Amino acid sequence: MIKISPSILSADFSKLAEDIKLVEAAGADMLHIDIMDGHFVPNLTFGPPVVAAIRKVTTLLFDVHLMVNNPQDFIEPFAKAGADLLTIHVETAPHLHRILQCVRELGLKTGVSLNPATPLSSIEEVLGDVDMVLLMTVNPGFGGQKFIPSMIHKIAKLKKMIDERNLKVDIQVDGGINPVTAREVVAAGANILVAGSAIYQADDIKKAICEIRGT
Ligand SMILES: O=C(CO)[C@@H](O)[C@H](O)COP(=O)(O)O
């Protein structure tokens, strides 16, 4: 089953609650919330108070993607704000195992994310400790970028690593996902697709979600 996680980075922030309800009504499986700090990535987005505020308007699972330096400082605040799944970038966490343990102890699902240039070998030792791996298919920071085709091979390689170890780990992809690239990433092994502009810029959001999911 392919799951769709619309990225609110592409929503209209002046009517964020409304835009979240739109994707919920259109059949989204979860909500992708990009947390950017202006250091790890060259952009700024939301802090815990915004996440706590939107927690009141939807029951969608909150898929919180931390693109911040010092992620250990933000785990508890985002857990309290209502995150369900917290994804940490491997590039930001020298003590990755400890951070993931901390996320799990707070009762949240754990994700680990890799930038396009970061090799899969960096997560070999924690693959058994995560619920999800998020492979960035663009360089993180902005919506509306072009999918990087060489990421298809990386997705397939990760799928093989997971299957060979008989693990149940979701593969999420994020960046440049539209109905065309969605087919390619799913064929390679991805099962959770994040999409921002392809959903929020569509005339018919429900149709866009169905087309990306392939239903
Ligand atoms: O994390 C990011 C960008 O850094 C994404 O979640 C974007 O929001 C995806 O946007 P599209 O590429 O789908 O427009």
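**Entry 1: the whole chain**

I began with overall size: for 215 residues, a compact globule would have a radius of gyration near 17 Å, and the chain has 16 Å, which agrees. This radius is taken over C-alpha atoms, and the globule rule is 2.2 Å times the number of residues to the power 0.38. I noted that this is a predicted model, where local features need pLDDT of at least 70, side-chain atom pairs count only at pLDDT 80 or more, and totals for chains, interfaces and linings use all residues. Residues are numbered from 1 along each chain as its sequence is written.

Next I looked up confidence: the mean pLDDT (the predictor's confidence in each residue, from 0 to 100) is 98, and 100% of the residues reach 70 or more. I then listed 8 helices and 8 strands; these are DSSP runs numbered from the N terminus, helices being H or I with at least four residues and strands E with at least two.

**Entry 2: around the ligand**

Which residues come nearest to the ligand? Of the 22 around it, I found Ser 7, Leu 9, Gly 143, Gly 196 and Ser 197; "around" asks for a C-beta atom, placed from the backbone, within 6 Å. The elements giving two or more residues to this shell are β2 (30-36), β8 (192-195) and α7 (197-200).

I also checked UniProt, whose unreviewed entry places a "binding site" at positions including Ser 7, His 65, Phe 142 and Ser 197. I kept in mind that such annotations may be inferred rather than shown by experiment; feature names are shortened, and positions follow the numbering used here.

**Entry 3: two residues from the record**

Is His 65 buried or exposed? I found it in strand β3 (residues 61-67), and it counts as buried because it has 28 C-beta neighbours inside 10 Å. The cut-offs are 20 or more other C-beta atoms within 10 Å for buried, 12 or fewer for exposed, and partly exposed in between.

Phe 142 sits in the loop between β6 (132-136) and α5 (151-164). With 16 C-beta neighbours inside 10 Å, Phe 142 counts as partly exposed.

**Entry 4: Val 194**

I finished in strand β8 with Val 194, which is buried, with 26 other C-beta atoms within 10 Å. Leaving out residues up to four places away in sequence, Val 194 touches, among others, Ser 5, Ser 7 and His 32; a contact means C-beta atoms, placed from the backbone, within 7 Å. I liked this one: Val 194 and Ser 7 are 187 residues apart along the chain, and their C-alpha atoms are separated by 6.2 Å.

How values were computed
Contact = placed C-beta atoms within 7 Å.
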